[in-house]
Amino acid sequence: MFDVVPFIVPFTRYPYSGSPVACDLCGAADHVTVCTHDRRLKKLETVACAQCGLMRTNPMPTEQEIVDYYKNLYRLDYGMTSTKPSRRHLNRSHRQAANRLALLAPVLSKPARILDFGSGAGVFLHHAKQAGHTVIGVEPGKEFARFAASEFGVDVINDVWEKTALPGKFDVITTVEVIEHLRRPVLALRWLADALKEDGVLYVTVPDMSPNDRETFRRFHFAHLYQFTPQTLIWAAAQAGLEPDPRFQPKRTQIVFRKTRTPPAPLIFPKAQGLEVAKLYPHSSVAGYIFSLRWLGSLVFRIRKTLRDSLG
Ligand SMILES: [Zn+2]
């Protein structure tokens, strides 16, 4: 049986071996340490690529270690108590789906072919289908893919992207809080760019990991393998043949991209970008955090959330 305990005990390493990898954005192997712990107070090293500054987990979990984590622990780690999406989760998804459709309205005046990559419970697919579009999802989670099909009658490919052959090209692709979970996010963006029609758009959101006033270690999570800022997201997209679509106003790390119109010049990164990025995330003491008792608030929040979700 998969052992959950080593994933929970604070101040210990996660039970994975992983391996060092080169940066998926620029290919450089050199890196600078940004943080040594994560939000569960477990040891988890996050590094910034020395060349482009994109942050990633080091060492990188292997494909199999990621599969095991999602199968056994992901839901627990996110405080999800059932294999079905909670009512609360669905309500939130309905609001977000309506907002996403409204934002994309400039390119949805005619019936479109829409792909949602990481389609979860299928709520966005449902809204888009109701609006007259042809929709398909890709979702590796078995229960969520099944729920989307049975609850909303939408087509969902239940597999990881590396094994998915997409049927045709799309007018609109959306991917919300997905690529930060992937071992090869830039390669995945290129795969999505290839699936766009010439005038198609790709709507991407990832958590904005720009520095803020939270303790640095509280920003990191085992499930997030790469960490983007608006700049590194734009660079990652550029490497995948994408540029921000001028018809849409980027909002931090929520950006609508289109295929690059002219062959782009190779990216040139500012000097010593890794060191510069690491400086932006001041060391914050894990011990200091413990003694401050600030963690009590988030613990209470998580317990309340778990109770709420389990009561539906
Ligand atoms: Zn890099």
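Student: Let's begin with strands β4 and β7: in which sense do they pair, and which residue of β7 is the bridge partner of D116?

Tutor: Happy to start there, bearing in mind that this is a predicted model. Strands β4 and β7 pair in the parallel sense, over three bridges. Within β7, the bridge partner of D116 is T174.

Student: And on the β8 side, which residue of β8 is the bridge partner of V172?

Tutor: β7 and β8 also have a parallel pairing, over six bridges. In β8, V172 has as its bridge partner V201.

Student: Is β7 largely enclosed or open, and how many of its residues are buried?

Tutor: A residue is called buried here if 20 or more other C-beta atoms lie within 10 Å of its own. β7 is largely enclosed by the rest of the structure, because the number of its residues that are buried is seven of the seven.

Student: Which strands sit at the edges of the sheet?

Tutor: Seven strands make up an open sheet with mixed pairing, and their order is β6-β5-β4-β7-β8-β11-β10. An edge strand pairs on one side only, and the two that do so are β6 (156-157) and β10 (242-244).

Student: Then what is the bridge partner of E243 in β11?

Tutor: β10 is joined to β11 (residues 254-259) by three bridges, and these two strands run antiparallel. For E243, the bridge partner in β11 is R258.

Student: Which helix packs on the sheet touching β4, β7, β8, β10 and β11, and what angle does its direction make with that of β8?

Tutor: The helix is α7 (residues 185-194), which packs on the sheet and touches those strands. Its direction and that of β8 make an angle of about 145 degrees.

Student: How do α7 and α8 cross, and what is the handedness?

Tutor: Helix α8 (residues 230-239) lies across β8, β10 and β11. The axes of α7 and α8 come within 8 Å and cross at roughly 55 degrees, which makes the two helices oblique to each other. Residues P185, V186 and L189 of α7 meet A236, A237 and Q239 of α8. The handedness of this crossing is right-handed.

Student: Now to α5: why is it described as largely enclosed, and which of its residues are buried?

Tutor: Six of the eight residues of α5 are buried, so the helix is largely enclosed by the rest of the structure. The cover over these residues includes α4, β4, β5 (134-138), α6 (142-152) and β7. The buried residues are V123, F124, L125, H126, H127 and A128.

Student: What is the handedness of the crossing of α4 and α5?

Tutor: The axes of α4 (residues 87-103) and α5 (residues 123-130) come within 8 Å and cross at roughly 45 degrees, so the two helices are oblique to each other. The contact involves, among others, L90 and H94 of α4 with F124 and H127 of α5. The crossing is right-handed.

Student: Lastly, which residue in the turn between β1 and β2 has a positive phi?

Tutor: β1 (residues 31-37) and β2 (residues 43-49) pair in the antiparallel sense over five bridges, one of which has T33 partnered with V47. The two strands form a hairpin with five residues between them, and the turn residue with a positive phi, about 65 degrees, is L41.

How values were computed
Residues numbered from 1 in each chain as written. Predicted model: local features only at pLDDT ≥ 70, side-chain atom pairs only at ≥ 80, totals over all residues. Pairing = 2+ DSSP bridges. Helix = DSSP H or I, 4+ residues; strand = E, 2+ residues; numbered from the N terminus. Contact = placed C-beta atoms within 7 Å. Axes fitted to C-alpha atoms, helices over the stretch in contact; angles between N-to-C directions. Parallel < 35°, antiparallel > 145°, perpendicular 65-115°, else oblique. Left-handed = near helix turned anticlockwise from the far one by under 90°. Buried ≥ 20, exposed ≤ 12 C-beta atoms within 10 Å, placed from the backbone.
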